[in-house]
Amino acid sequence: MSAVETYAAEAHGINKRFGPIEVLHDVGISIPVGDARALVGRNGAGKSTLVGLLTGLYGANAGEIRLGGRPAPSLGDRQGWRERVACVYQRWMVIPHLTVAENLFLNNQPRNGLGLVDWRRLREESIAVLDDWGLDVAPDLDAWRLTVEQRQIVEIARALLQGSRFIILDEPTAELERREVNRLFERIRGLQEQGVTFLYISHHLEEIYEICRTVSVMRDGRVVADARLDELPKDRLVAAMVGEFAASGAGRKSGNSASKARMTSGLDIGGLTVKDSLENIDLSVHCGECVGLAGLAGSGKDKIAEAVAGLLNPDAGSIAIHGTKTPLGDVGAMRAAGVGYVARDRHVSGLFPLMSLGDNLTTTVLPKLGPFGFVSTGRQSDMVDRQIAELGIVAASGSQPIGELSGGNQQKAMVGRALASDPKVLVLAAPTQGVDIASKDALYRIINAARDRGMAVLVVSDDLDELAICDRVEVIFRGRLTRSFARGWSDQDVVAAIEGLY
Amino acid sequence: MTNASLEKAAIARPSQGLFDRFRLRELVLIPVIAVVIVIGSFVSSSFLMPENLLNILQQSSELSILVIAQSLILICGKFDLSLESTVGIAPMFAAWLMISDVSIGGSGIGISGYAGIAVVLATGLLIGLINGLLVVKLRLNAFITTLAMLILLRGITLGITNGQTLFDLPEEFLYLGNAKWLGIPASIWIAGLLFLFFGLMMRYHRIGRAIYAIGGNPEAARVAGIPVERITLGVFIMGSLLASLAGLLLTGRIASVVSSQGQNMIFYVFAASVIGGISLNGGQGRIIGALTGVLLLGLLQNVLTLSQVAAFWIDACYGAIILLALIITRLSGETPRA
Ligand SMILES: Nc1ncnc2c1ncn2[C@@H]1O[C@H](COP(=O)(O)OP(=O)(O)OP(=O)(O)O)[C@@H](O)[C@H]1O
Ligand SMILES: [Mg+2]
């Protein structure tokens, strides 16, 4: 190997502006061939922006990027970029109305002697890939029908299929459950043994220690530290990420204040049944109580959340808010009855990407902002400023389009919006997905405060950190509630129950 | 992972069922077309006569070429409303150049019929290029841009000849629109071959697949290495080229160019495409589906004319049936949550 080839990717003196906002300031990073580099930093630090530059999505305003020891291709030369780097982006990059098979081999379809797409081989090769990933879907299924995690696996599989020697993964596991994460890591290790270089972004620091060797830390658009992970204990890593803030608060304990549950009924689910996915679910959350609902992806936990949000009309059962039965399968009625909902998949439901952050935060409360449907802009912006501060959202201002915010900051805005209407019952599906470790704390505090005001909170998640703020955890397996854990459970027991091993 | 192989063996792959697997939802209109044919044969004994059927096909051939054009553009996630004006202006401009007699509205230049055909196609190409550049490079909204273009081109068509109709065109220029090959009008052959060609291209050629990808999610397409801008531009150009060809055939069929040639056709183009399963949101639908949409509209028009429906009511019936067909196609397919 010649000397010039020793870096898989280098960036020197990078400046990047979006309009007037400078997002990256003089960023430099050098990733040697064969390295497994973690890239960490708080929401909005500039990680995904750097990924966009390293993969040629957009150009830098200043600085140089080199891949494999050579200058990066021009922006128009997509094929050139693809040969040198593969990437799983934080945003969805599937084509909804093409089949899973075609998405896997997008612009890379097997072709016959005439140069035409060979559909039979495409199908066969896709089945091999899907089997390899243990993904139980038909290759000719339209991609929009995939669940969140299936879609994520398709994207990961596609990136790895590309055969690049340098692979970037931007929060690939935010949507995955443990078993799938393990499968991904096995795959990554296999490729690492073959000398493939990785740049890996995640807010789950334990993952980073598991599969990365080195780390670069970003803060406020700068790379502030490069280190070997075996020389950098976790608390120092967190300190580097959050900078001047005290790092001690980051962790799990902070959420655990004792429950002040009043024994008045908040959310009561009775006999909820959905053909083939839920059987006779009874679940109650009292006012002032926070209950976790944990389970695998196909366990039915998301169905329960959707039923409470009114997005799904169950075959049988009842849902009562503060003791009053509500009509099922009716989003408007549920919202009127006092249900706030944060969907798991913010890409599909929830955000209006072109509207401003402020408008997104206040869509649920517009009637409260002025008479006769007119919105008092003064009151709206006061409210927005307060929310931005409380939630710790990093944005240029309340009028920035929400689609421009970083992934984690969009997630915070979703939670903020659900809370803004001051609902009686709050249903949160994976509320801190993609949220950095310090902002998570802020969110937990906000959720706790809402609970203490008497809100009934249901957290639908299999993330142990998120479950840790709950007063009680109910586990669902294959459509039935199997175990209930009171505060003080051990993580192992909960995980075992989630996996159906008890 | 020790149980990985077990897991693999356990995967039973549920297929989507016959309907989805063979993509039959593109053919939901076949039974509707059959019903219309049956009704037609009751309405008039002449309906099923070969001359009448060929007549239907010939009258639909220009529309169907426009539908191919619009389908390509819609699948790519864009719009082109100006296609109907291209149908008028391309042959009008050529006719004006060909006619040497200034007193009947000509330019006095008098180019040949073959040169006229070249002018028709070149005009189409140029319009497509302009539309494409405005939408792709300047990122103007396709709907509004091509709406403006529709008005502009129609205005120019009127302006060239002060609204006159141009007759007396060279034989070669009219040939394609009125020739018969093997007893069947050439325009039917041409439309049929174009359907075959574009149907196969969209399904089997990587550019066809790239067009679907662009219409479905342009960002993801770009990331996958597809030259999004170049292909979108190409699709606009191809669309206008096809529209100018349709204009040439129409001119040949009626042996003259009216300044209103093509006017209002865009509504039927959209109706046929959408009934045929081409989504206005891009990335969805197939050329074969669009073909069934055109056939249905052509048959309907004919049946309504043959039946005793008062002339003033034909449009109302037509509109109502288009609505009905839309409802049927919607109910037969599942769409994702918005
Ligand atoms: N297209 C854009 N226009 C304007 N600002 C943008 C755009 N994309 C990103 N930004 C801004 O750049 C900053 C960095 O965003 P980036 O997505 O790189 O953060 P990140 O480190 O990936 O965060 P997260 O952990 O939440 O994903 C944010 O403040 C964001 O608002
Ligand atoms: Mg990011």
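**Group meeting: a magnesium site and a helix contact**

Let's start with Gln90(A), which counts as buried because its relative accessibility is 18%, and the cut-off for buried is under 20%. Keep in mind that this is a predicted model.

So what coordinates the magnesium ion, ligand 2? Gln90(A) does, through OE1, along with Ser48(A) through OG, at 1.9 to 2.1 Å. These two come from distant parts of the chain, 42 residues apart. Ser48(A) sits in helix α1 of chain A, while Gln90(A) is in the loop between β6 (86-88) and α3 (100-104) of chain A.

Okay, staying with α1 of chain A, residues 47-54. Is this helix mostly covered or mostly open? Mostly covered: 7 of its 8 residues are buried. Among them are Lys47(A) and Thr49(A), then Leu50(A) and Val51(A). Gly52(A), Leu53(A) and Leu54(A) are buried too. Just past the end of α1(A), look at Gly56(A), where phi is positive, about 75°.

Now over to chain B. Leu125(B) is part of helix α6, residues 113-137. With a relative accessibility of 41%, Leu125(B) goes down as partly exposed. Which residues does Leu125(B) touch, if we skip neighbours within four places in sequence? Those are Ile237(B) and Leu241(B). There's also Met238(B): 113 residues from Leu125(B) in sequence, yet the C-alpha to C-alpha distance is 7.4 Å.

That's what I have for today.

Methods: Residues are numbered from 1 along each chain as its sequence is written. Chains are lettered from A and ligands numbered from 1 in the order in which they are written. This is a predicted model: local features need pLDDT of at least 70, side-chain atom pairs count only at pLDDT 80 or more; totals for chains, interfaces and linings use all residues. Side-chain values use heavy atoms; hydrogens and water are left out. Buried means under 20% relative accessible area, exposed over 50%, partly exposed in between (1.4 Å probe, protein chains only). Helices (H or I, at least four residues) and strands (E, at least two) are DSSP runs, numbered from the N terminus. Contact means heavy atoms within 4.5 Å. Donors are N, O and S atoms within 2.8 Å of the metal (3.2 Å for Na, K and Ca); water is not among the atoms, so sites may look incomplete.
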